[in-house]
Amino acid sequence: MEKYMVTGMSCAACQAHVEKAVSKVPGVTGCTVSLLTNSMTVEGSAAEAEIVKAVSDAGYGAKKFGEKAAQDASARRAAEEAALEDRETPKMVRRLIASGAVLLVLMYFSMGHMMWGFPVPAFLENHVCMGLWQMLLCAAVLIINRKFFIQGFGAVLHGGTNMDTLVALGSGASFLYSLVALFAMAWAMGKGDDAAVHRLAMKHIWFESAAMIPTLITIGKTLEAYSKGRTTDALKSLMKLAPKTAVVVRGGVETEVPVEEVQIGDLFVVRPGENLPVDGVIVEGSTAVNESALTGESIPVDKARGDPVSAATVNQSGFIRCRATRVGEDTTLSQIIRMVSDAAATKAPIARIADKVSAVFVPAVIGVALLTCIGWLIAGRDFTFALTRAVSVLVISCPCALGLATPVAIMVGSGKGAKSGILYKTAASLEGAGRTQIAVLDKTGTVTRGEPAVTDLLPADGVEEAVLLETAYALEAKSEHPLAKAVVAYAGQRGGTLREVSDFRALPGNGLRATLDGAAVCGGSRSFVSGIAAIPKKLAERAEALAAAGKTPLYFAEDGALLGVIAVADTMKEESPEAIRQLRGMGVRVVMLTGDNARTASAVGKAAGVDRVIAGVLPDGKEAVIRSLQGLGKVAMVGDGINDAPALTRADSGVAIGAGADVAIDAADVVLVRSRLTDVPAAIRMSRATVRNIRQNLFWAFFYNVICIPLAIGLYQVVFGWSFELKPVVGAIAMSFSSVTVCLNALRLNLFRTHSPKHDRPLRHSVDLEQSGLFAETHVDPESSNSDNTEETTMTKTMKIEGMMCPHCEMRVKKALEAVAGVTGAEVSHQKGSAVVSMDAAIGDEILRKTVEDAGYKVLAVD
């Protein structure tokens, strides 16, 4: 996809003309033109010269975006900033001041003297001299606003029409008619017919109207240019975030260099209060970083050695030394800027109707104006009246509002989303997210944190909680198991004392043994510990209840006596229930889809408040479930963008959550920088607000023309007997402010509160999940195979694995196996100590064995 800058466009008709011309070039498979950003994106194999020639032949100018800076990231960024710089408003202001000053002088002589008797030089008391003077002043205004005539008639010469054509025709007709009347006045004066001279001077000299039309249109275009410039504020503010220089360490010396000279692997330093110049990883120091520029989150994030940092974020508290990992256009900020820019350059499906109307609008208006003039003449009205009506039709018609209705809202909406850490890849993505009827959430890492954590401590009778925790701390500190890390982290947070153990042994599939201060301690599953210590019935029942809630109970004993139970689970994110409540309040049905066993998934789903849970589904099965759900309505799949890529691609809206620095996720339509589930309803809410704004703009654009064109024709006078006569000057004012209204309405989106559910409304047509037998088919019992969820028979191998103790072990083995090329899925059970591997190609036993053993588990057999 190549991007071009287009010059000379003034309205939706220009946009349609350029698109039509470029689309005809051989090799062009797609073309989108943006009136808002004066840009064009072209897909296909056509040569640059052919595309530029097609635009030139259509009467406009084109230049490939950043063509002089293809190898220079800094120059390319400068070109992007220059493209968004508002150069039009200052030009329009100068033009408005000049034409307004001359128009005031003209109005003094035409209306001040003629109507109110304002004094004028003696030689202008003559009507013909006064007419000549007005003609000269009018000509000066038209020369100042010559762009209307050059572009308007230039478009006609190239086989098209635009808004400037209407203005040029209206103003030009008034000027020519007044010029003819001026010659008639001179002829009557030569004959001594003073009455005819006076009549012509009072009723047929329209020089002030001919000058006022382009001046009033210029007022509207100036306000429009200013409003359009404001719509790109979000994008321009993102571009200004990146520092221009960086302090790098070369040869042990700190040197300040332009940021474009920083290379991958360079060391750079950032002091408190400074912005990070490029993406990197901290190699020395710790600090708190304000990432609000990228995520919208104002609370600083603590960073230490080994943590990633992103360009344009602010180092708030400490000195850090970092190693550059991504520079230039590969930084997170650059990718966000590119994504917002690309979204603005694409076209939303809702804009198609406006495009179709714009393509024929101006020729249709010219035809209506001619018919209006002819119709009133046939009706017996004089030529002056008929021409007035025709000119009014020309100047009141406004294709600009049609062309701006969609792009200004898309630009503001996508920019507002980017400030909140919500990135829409295209205009279609922005529009489509709001139509979501079913939200499918991946459990691990989306609804839950994706990391095990301690949730409950159940000390045995007579045992203090501190004793249980310190014993577990000492024992688990020697283990590399994910559950052990959760216990160690919890004990460390509680300020526990770490004591050394000896004779430590890890017994795969069972638990841990060691000696602590001369006492034999052990920990692990119930089956393991029950063979060493008696487990009271009451405590066993409480532990079983925790297991039913999706938690993993770990039992600990000392010298044959039970110390207690510590429950560990992948805990739910704090905001998950609220996010799901908001989604349901918007009329979106929520389904949790996961590869975990049904027992764990059901417990999490119930706590989160989802509508339905589908468990035990492999990655390819997820894609099939999404396809089935699409039979009920529009589906949004929310996942991490990596393991869920097939499902994200299949869904109507793929939402990648927790992208962090990896915002360029190909499978996703919407990318959420933060790992907060509340950003999902926020993304839908922003989409709905933007589409609502577009509809308001389109309604205004169509309503304005539907109401005003008949008024200009005089139909209301014929049908209802209204005596109001729309003057061309009034029509020019109305035309000017129609476009301004559309732009100002779009700017209201900047005030929209993305995360506030206050004004949420449910969809008119919500999905009834209960009417479908889908869930009976896709819900898989944890003890059964999920082969019913796959579309075709695949080769399978069953592996006997030792060392798995909990669902987290299952997920670790599952992810390792599914990363092997040719593996389509793996059904893992820690209870059975097995893994059923599905494949679409032959894979050697040794490859599967090595994969599992590299993950830290022992393979007993592969069948």
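This is a predicted model: local features need pLDDT of at least 70, side-chain atom pairs count only at pLDDT 80 or more; totals for chains, interfaces and linings use all residues.
Colleague: Why is Phe720 called exposed?

Modeller: Exposed means over 50% relative accessible area, and Phe720, at 52% relative accessibility, therefore counts as exposed.

Colleague: What makes a nonpolar patch on the surface, and which residues form the one that includes Phe720?

Modeller: A patch takes residues with over 30% relative accessible area and no salt bridge, and nonpolar side chains are joined within 5 Å; here Leu715, Val718, Val719, Phe720 and Trp722 form such a patch, with about 540 Å² of accessible area together.

Colleague: What makes a nonpolar core, and which members of the largest one touch the most others?

Modeller: Its members must be buried nonpolar residues joined through side-chain atoms within 4.5 Å, and among the 142 residues of the largest core, Val18, Val22 and Met40 touch the most other members. Helix H26 (residues 679–713) supplies the largest share of this core, 15 residues. A second, separate core has 44 residues, including Tyr473, Tyr490, Val813 and Leu817.

Colleague: Which residues is Val18 in contact with, leaving aside neighbours within four places in sequence?

Modeller: With those neighbours left aside, Val18 is in contact with Val6, Met9, Val33, Met40, Val55 and Tyr60.

Colleague: How do you know that S9 and S12 pair?

Modeller: Pairing needs at least two bridges, and strand S9 (residues 287–290) and S12 have two, in the antiparallel sense; Val289 has Asn315 in S12 as its bridge partner.

Colleague: Why are S10 and S12 at the edges?

Modeller: The open sheet runs in the order S10-S9-S12; strand S10 (301–303) and strand S12 (314–315) each have a single partner strand, so one side of each is left without a neighbour in the sheet.

Terms used. Residues are numbered from 1 along each chain as its sequence is written. Side-chain values use heavy atoms; hydrogens and water are left out. Patches are made of residues with over 30% relative accessible area and no salt bridge: like charges are joined within 9 Å, nonpolar side chains (Val, Leu, Ile, Met, Phe, Trp, Tyr) within 5 Å. Accessible areas come from the Shrake-Rupley method with a 1.4 Å probe; for residues, only the protein chains shown count as cover. A salt bridge is a side-chain nitrogen of Lys or Arg within 4 Å of a carboxyl oxygen of Asp or Glu. Buried means under 20% relative accessible area, exposed over 50%, partly exposed in between (1.4 Å probe, protein chains only). Helices (H or I, at least four residues) and strands (E, at least two) are DSSP runs, numbered from the N terminus. Contact means heavy atoms within 4.5 Å.
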